[in-house]
Structures are given as structure tokens and as C-alpha cells.
Amino acid sequence: MDPSLSQPPPHHAREGSKAAPAVPTAELPEGFSRASQTPHPLEVRSLKVVPLPMDLSQERREGDPVQIKKLEVQFFDSQGRPRGQPQYHELATFPSQDTLDALLYFVDAKGVERFPIVESPRPPVKLRESLPGGEPQSGLVWSLPGSYLSTKSSGGLEHSLELIRREKVGLEPHPERGNQSEFLGGSYYSSIGVITEACVPRALQVAPPKDFNPESEQRKIGQGFDNRRVRFPTAQELLQSFLNGEVPDIRAAETVLRFARTRGRELAIDLPLERFSKDDLTKRAPRRILTQRAAEQLVASAGLNEGQIASVSVREALSESSAVQEAPFLRQVSMSVSNLSASGDEIETYPAEAVTRVDPSNPEQLIAPNTVSLVLTCMRGGKRYYRIARQPLPGIAERAMSSHARWSEQGFITFGGYAAHILPDENTAAGHLEKLRELAHQKAGVKLVGEPQKIASYFKSPGFWPELETLYIAEYDPDESNDLIGDADHYAVEADTLLSLSDQGIVRDISLTTTAQILKQAERYENPKLERLDASPREIDELLEVVNRGSRLIEWMSSVAPVQTARHLTDERFRKVIAYCENEKGLFIAKPTHPDEKEFFRAWVQVFAAFESDEPQKWPLRLFHDGEHHIMEDLSPFTFNADGSIQRDENGDPVLLPFDVWADAVITSECYAVFESDVKQPANTSIAETEKDSWRGMVARIFEVTGIGLEVDGPNGSLSPAQQAVVSIERDGVIPDQILRHERYGEVREGILKLLEFAVKDRAQLQIFYENWKRMPEVAEAALKFGAIYRNSEAFEANFKQVDTKILSERARSSVQEVNRYAEGINPLRAELSLAMNAQCELVAYRFANLQSQLRASKRPGWKQVSQKVQERIDELRAAHRLLERFRDSIVDTEVSQTNIDARRALKALQRQILRPLEREYRELSRRKDLLSPDFLSENATRMFPGFDSQHQSSKRLKTEPLEVAGIQIRLEDAASVRMAIEKIERDNFIRVGLPHPLG
């Protein structure tokens, strides 16, 4: 993850000042010099901000533009039923939505750690003073140096920190440590209710200034540096400056507190808080205490309030919606900003952007955003407990939808405290107290004991969001609390547990975690240290680069079909299928070039084969369709013994399911996938737009025109009428009477004929696949070991029919129900392990198994011994697969934790010691002329999936092996004969119901 510091800042840049004009070198001191009483003429001392007409904002955007997204949020219960009406929210977001918070430090001559903070021009902060509810501001804010994290990595974290050190602070690297930074725990959200930004804290030791004087500010002017002042407080001084408002940057306080915990430092924080409650040692601890393990398990689950909210759908709201138009919340502001010197001269002028709130009673009036944040605590048995809410937030779901999200947001849920917006007329001491009592009662469900007490006021993201938040702490009575309020679960968390969850990135509410750390220091009881990682700086940086990767599938789709991908990503099911295929299946994009692998597809082979000759606009829906198949997996026609070996008859031949039984089950799964990709998905996004891209839209049109409906499930887990119709047409060739008799049949006829075309082609192709399976019993046994196929048709059909039976529990891991419950969001670390399990374990094992089939067929001298050796390699790959599966399933987030470090370390070790050597061994064996036939050697020379017949190859065989369908001899590559058979089936349907064909 790498901030683009070498690029010009975007107009909403977090630090608004551009580089000063060049100053003659003679005027520059060497290194840093003690600040004189006379300011340098280029030293920025204030800003002037002139808001511009809104229509200019579009012209001024460069780099990463701020976007205000209007979201429609609908919650669902565990049965998939909507809970209440859709809610409408607004969020401010932009592509580089996350930041690196760099805690630089050096050790002075007395052995005291010093932390550079910089005074930066912040145009949005200056904008506040011209808005109702604002106050006089210079526009300069003392804060921690940091930078945006780029969506494209170009040098790694070390490079990013080096640029911050050099460009923003101007200090030399530490002679021994260089750019090796230190872990400071999990990321945190700056203001997830409005902004989708997350912050990554890291510490970096640097060399002290050459003429450092602890009594003075330092400054550096010109030559690529902004016109800024730099101070070097101790941890004690920095925290006190935060508490008294001199450094209104909570992120500086959070990182220096984390740093102190890594060193076991005690800080003498002067925080005169009054104790209102009695710590009664005889009373029990608060209800619903959330242990660390319980929190980790909750993170891994998507549901909230079992029986209430189980999932959420988030999409961009339509602009014409009256609910959206009547509920404006945020407004983008374009500004012309001038940096002013101490004498009032304009040093430079530049454009900038901000996002602020609008007055709810007057949408044309902007107001300064003000917020109160409330941290609730109680004392029991000498321990302090914190009340936290586990709640759904649209900002989390928006992050999960992002094609370049850096973290997997587990579902739509986050842990945090309580905050509320303050209107201008409420921005008084009395108004704050009234709002805090309202927060405690309505959002937290507790009764306060005593009065809330102020901790500090600060800016969370002043680079484009001018909100001033005031943090309060209050004590509550845990015996009079409601743990289920609205859409949130509430828990009590002991202080040490809370900080451990913060280190892991599970609790990411910075107001909550900063308060907990301050009280730990102020109250002087045992301070738990931040987790020490058994990891090198390079391992940490490599892990961060992995989680910075985002979704490879969505990134690929966005590059080849941006319009279609953006449209389909608004649908919850689409997002879940993509996330499941990437996180759990390790599905990857392949571009095979062998002509016999054109349109290669197997449900049990987790590969999406994309060809340059295809039409890219079709790929998002095609990937979604294939993804449904990969989730349902596949059914082998072989019958198996209890130990996983294939049953054989008295002649030793494999026993197979009858073709019709097997084909009916497989075609039914195809009907389910067709319903999802060709009916429900176009209807959820846009049938008209889908019709422009491919034929899939006209299948959805059948149900829109005929009024059958698009319900996903029928009663008691049965198929819905629309699903039954798809199965009837595509599998059985029977068009339902309701469709045949509909007066608008002519409008939907082409969609009907497309489903009938599948009815013809599916069964014909499955005959070839059936023969292909017969040749590869060893591959079937291997696929069963890896859990890629079902062993009986009942369990297979129950899987995609979503029937909750004992049979289904056999394979619940890959069921359709599992995807329905799946938490949205890409976890790139989990996906990396799944990709290795698929591409380096499963597919290589299938190639070895196919090699066994070829050895058995050739029966060259020594083949049995080699076959036994190959079987041992398959077993080794299965053992590696199981080990990787255990590590993958231990991953519940993408933070820099020991669990995630160990998972990636195990993957690299297995790749080095087992997986890559076995890939090389397969390549060597597959070229053995003494063991394998010339046909096999030539056939597999350039194929990606040796031994697997493709649909293209099947079609070529059917060209010479015609089939009889509806009394007509057809060849799949002969479009005319296929069309005749389809129309014959259609006419037979009209004859069945005694109707003339509407087209004569």
C-alpha cells in the first residue's frame, strides 16, 4: 500500500497547501533551525477561503475526486423478508479512501522519545468559520503527518513512509533502522457514519534534527517542502496538547498511546474525572460480557440479532426517488484557497474541495458539522467495563462493495460506541448534555449515573470533512440496561479485552479506543501491552500488500466491462457470489489459447476461462452464472463406496448412475443457475440494459411480461413458480400453460426458444461429458477427496434447491444456503490461500489423477510403480490442502495479526517445500515417452487442463455423431437443424394444449 506522494495532491487533499515557490538556497538554513521571533515571509499563518459556485466543482476535480453517494439500504431477516422500509443514507467516499498515519519519532540526547507533528493548512477547517455553527479558525491544524494509501502499490509501505519522512517532516532516516516501521495494531475508522475512510497506524524511528532544541519549534521552507512548522513533543506533551485542544487530532493521540503500550510506558495524564458510581465488589459483572473469543466469532458471522436482521442490501439510490430528494444530508463545496503570511500577503492560491452538512430544514443552507461522541463505562469488581454496540452501518457495506477495498468488512457490521450530529442551535454546553442523554437512552439503552464529562474536541478527517467532534465519557448503570435496541446488539467489554480487540482491528471506533487507553494511563492500573508479533518488517509489509490487492475478479471485470460490472455490483446476490467464489473457492481468471479449450467449463474446476474473441460486456453475467455452478459444485456419474473408492461390478468395470438420472440432476442445477443469472439478476438491475449486452435479458422478459413473478423460493423450500417454469422448459421441454396461453406470447417467444435451445444442447453435451467421465475414474476419486463433487444425486439436488435435510448437512460447506448467509466483502488474504488450495493443490492433483488414467490405458513397463508414486503425490496434495484449509478458516479479518502472519507464512512454506516441487514433478512425468502414448503427449502439450474434453471438443464430436431430438437428426454446429428441432418442440407444446401456433 503506497500513497501517491510524488503526484500533485487532489483538490480535496488532506493537507491543502501546495509546495511553496522556490526560495534561494542562501535563505534556507541547513537542516532545521530554531524558529526566530520574526516569521519567514513564506511561512503560512492563516488561510482565506472563497466558496465557488457548485457547477465549477466538476471542472476542478482531478486525481481522486470526492463522491457523495446516496445509498438505499434494505435490511432482511433470516428468511430473506424485508425488515421495514428502505433507509436512505449519504456517504462521502473517494478511490484512495484510506490513509497511512505515520508516527515518526526520534530519541533525543536525554533518551526521551520525541514525535514530530506538523502544522498543516486545512481549507475545510477554515471553511467552518463562515458556516452556521462554526467558530473562528486560522485553517491551520497541528496533526500527525500522514498520506493517502494509493489503490496501486508502487514501492511498498517502506517507500510510503520514506516519502512522508522526507517530504512532510524533512528528517533523515535512522542510520540503522532505515525505513523499517513498527506495527501499531489494527486499523481504525475516522468517521464511518459519513466517511468510508480507514486509517493504518505505523511507527518509524528517524534521526534527530542536527541542531535540535526541545524548547523551540522547527521549520523548513521551500525546496519541495510545504510552508509549515514542525514541533517535537514527548508522548506526555502530545497527549496533554490533545486534551487541552492545542493539537485537535485524535489520530495523533491514538497512535502515541499505542506506541506507549508497545513500550510499557506510563504517562502521567492529568484528567480530572469525577467518579459517580460506587464500585460494589459484591455485585455481579455487567450482563452480556463479550470476551475476546466471542468477539472474534461474532466478526466471522454475518447475522445480527438472530431472528431480526440477518443480511442487508445496499445499492446506489435512484436520483428520481422522492425519498432521496427529500433527505439531503451532505453537500460538496468547491473553494478557492489562499495561503496568507503573517503580514496578510497571499503567498499562493489554489483550488480545494470539501464536503459538509446541509441544514435539514433548509437544504440550500450549509452548516458546520458538529458531533458529540459518548463513551459509556461502569466499574465492577475493580475492573472498568465499556459498553459497545454491534450494529449495521451503510459505510461498512459500501467498503465491502468497493472493487479495490483493502480490508474485508465482515458483513455490514461494526463494533463501536455512540455518536450523534449536533445542529447549530444545539451547539452549546446545555445542548450537548441533552443530546448525550438522548444518545444514552435511545441508542445505548442505558440509564446514566451522574453527568457526562468532556475529554477533548478534535477533527477526525480535516482534509475534506470539517467536522468537529467533542468526546464525552459517562458512567451507566449496567443493571438497568437494554441490550437489544433497534438494529444493534449491545455488550459490556472489559478494558483489556477492548484494547486487544482494537489491536486486532475488530473494534475500530477511534473515540472508544482512545478513551480506553487514556483511562488506563490516568487510573494507573495494569496496562496490557500491544501484541508483539513474531514477524519481520518484510513479512508485515508483504501481508499489507496482499490485503491491499482487493478483489481480483471485480478488478478484472471492471477493466473489461466497467459499465456492466458497476450495474451488477449493486445487487447483493451478485456481490455475495463473487465474494464466495474468490474467498472460499479460489476461483481465478484464465485465458487459454488451445482451440480445444474454447469455452471450457466444469462446475468442479474452479476456473473462469475467458477468451479474447468473446464479447467482454457479457462476461460479468457469465461469470456470475458460472459462479453459481461453482458454488453448487458438480455430480459425478460414478457410484462410490464408503471409503471414497469407485464401486465396480463383477467384471471390474465402474458402476455409474443411469445417464437420464445423472443428466436430469445436472440440468436441474443448470436451471437454477439460469434462473439466477438470466431471470433474477437482470430483473434486479435492468432487463432493458441486460438485453443490450446479451440474450440473457430476453429470458427475464418472459416473467416480466407473463406476470409469473420472480420469487426465489416457494413454500417449505420448494421451487418458486418462476423456477419451476425454467426447469419445465429447459429440462423437460414443456412450456407452462400460463405462458403458452398468454396474449403476449409473441413478445417473449425468443426467450422461450433460447431456453428450449438449452434443453436440446444441454442433454447432447452431457452425453459427451458422461463419456468423458467414464475415461477418468481416477480423477473422479481425486475430486471426491477434495470435496469438489457430490457422491449422490439426492444430496446434490438438495444443495441448490435449498432444502434443509440431513442429506444437505453432509455438504453444508458449499451449499447455496451458505452463500445466502455469507458476509459480503473480499478478504484478499483468505482468497490467496483459497487460490493456492485450488490452483496448486486441487488442479495439480487432478492432473496427476489424469496421468494415472493414461498410465493405466498405456500399460507400459513399470506403469504400476509410477501410478503408485502418483497416488502418493495426490495424497500429499490433499494433506497440504487440509492444512491450508485450517489456516484459511482461522482468518476472520485482514489485520496485521499473528494469526494472519502465521497463515501466510505457512502458505509460503508449503509452496516452497511441497507445492512447487510437485508441479515440477508433474511436468516431468507428463513428458515421459517411455510411459505415455504419443497421442497423450501431443494432446496435452499446450492444454491448460489435460484430459478434460471441452464444450468445443464435444461439439466437434457431435458434428460427426448426430443426435435425434424431437424426431429430427441434429448436429450442434448445424444451427439450422438445431432451430428446426427447437421449433418442433414448441409446436408440440401448442398441440398439447389444443392451441394453434400464434405465428402460424
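Let's start with Phe-106, whose bridge partner in strand 6 is Arg-114. This is a predicted model, where local features need pLDDT of at least 70, side-chain atom pairs count only at pLDDT 80 or more, and totals for chains, interfaces and linings use all residues. Residues are numbered from 1 along each chain as its sequence is written, and side-chain values use heavy atoms, with hydrogens and water left out.

Back to the strands. A quick word on terms: helices (H or I, at least four residues) and strands (E, at least two) are DSSP runs numbered from the N terminus, and two strands pair if DSSP finds at least two bridges between them. Strand 5 and strand 6 (residues 113-114) are antiparallel, with two bridges. Their hairpin has five residues between the strands, and within the hairpin Gly-111 takes a positive phi near 80°.

What else does strand 5 pair with? With strand 12 (residues 198-205), the pairing is parallel and spans seven bridges; Asp-101 stands opposite Pro-201 there. With strand 9 (residues 146-148), strand 5 runs antiparallel over three bridges, and Thr-99 faces Tyr-148.

Is strand 5 mostly covered or mostly open? Eight of the nine residues in strand 5 (99-107) are buried, where buried means under 20% relative accessible area, exposed means over 50%, and partly exposed is in between (1.4 Å probe, protein chains only).

Helix 4 (residues 235-243) has buried residues too, among them Leu-238, Leu-239 and Phe-242. After helix 4 comes Gly-245, which has a positive phi near 90°.

The structure holds 70 salt bridges, a salt bridge being a side-chain nitrogen of Lys or Arg within 4 Å of a carboxyl oxygen of Asp or Glu. I'll pick a few.

Glu-162 and Arg-166 form one, with the closest N and O atoms 3.4 Å apart. Why are they separated by about one helical turn? Because Glu-162 and Arg-166 are four residues apart in helix 3 (residues 156-169). An α-helix has 3.6 residues a turn, so residues three or four places apart point the same way. Glu-162 is partly exposed at 24%, and Arg-166 is partly exposed at 33%.

Lys-692 counts as exposed at 60% relative accessibility, while Glu-689 is partly exposed at 30%.

For a link across the sequence, look at Asp-534 and Arg-905, whose side chains meet in a salt bridge at 3.5 Å, N to O. Asp-534 lies in the loop between helix 11 (510-523) and helix 12 (537-547), and Arg-905 lies in helix 29, so the pair ties together parts that are 371 residues apart in sequence. Arg-905 is partly exposed, at 28%.

There is also a network of salt bridges linking Glu-584, Arg-830, Glu-885, Arg-888 and Asp-889.

Which residues form the positive surface patch? Arg-912, Arg-916, Arg-920, Arg-923 and Arg-927 do. Patches are made of residues with over 30% relative accessible area and no salt bridge, with like charges joined within 9 Å and nonpolar side chains (Val, Leu, Ile, Met, Phe, Trp, Tyr) within 5 Å. Arg-927 sits in the loop between helix 29 (898-925) and helix 30 (934-939), and Arg-927 counts as exposed at 58% relative accessibility. Thanks, everyone!

Notes. Accessible areas come from the Shrake-Rupley method with a 1.4 Å probe; for residues, only the protein chains shown count as cover. Lys and Arg count as positive and Asp and Glu as negative; His and the chain ends are not counted. The place of a charge is taken as NZ of Lys, CZ of Arg, CG of Asp or CD of Glu.
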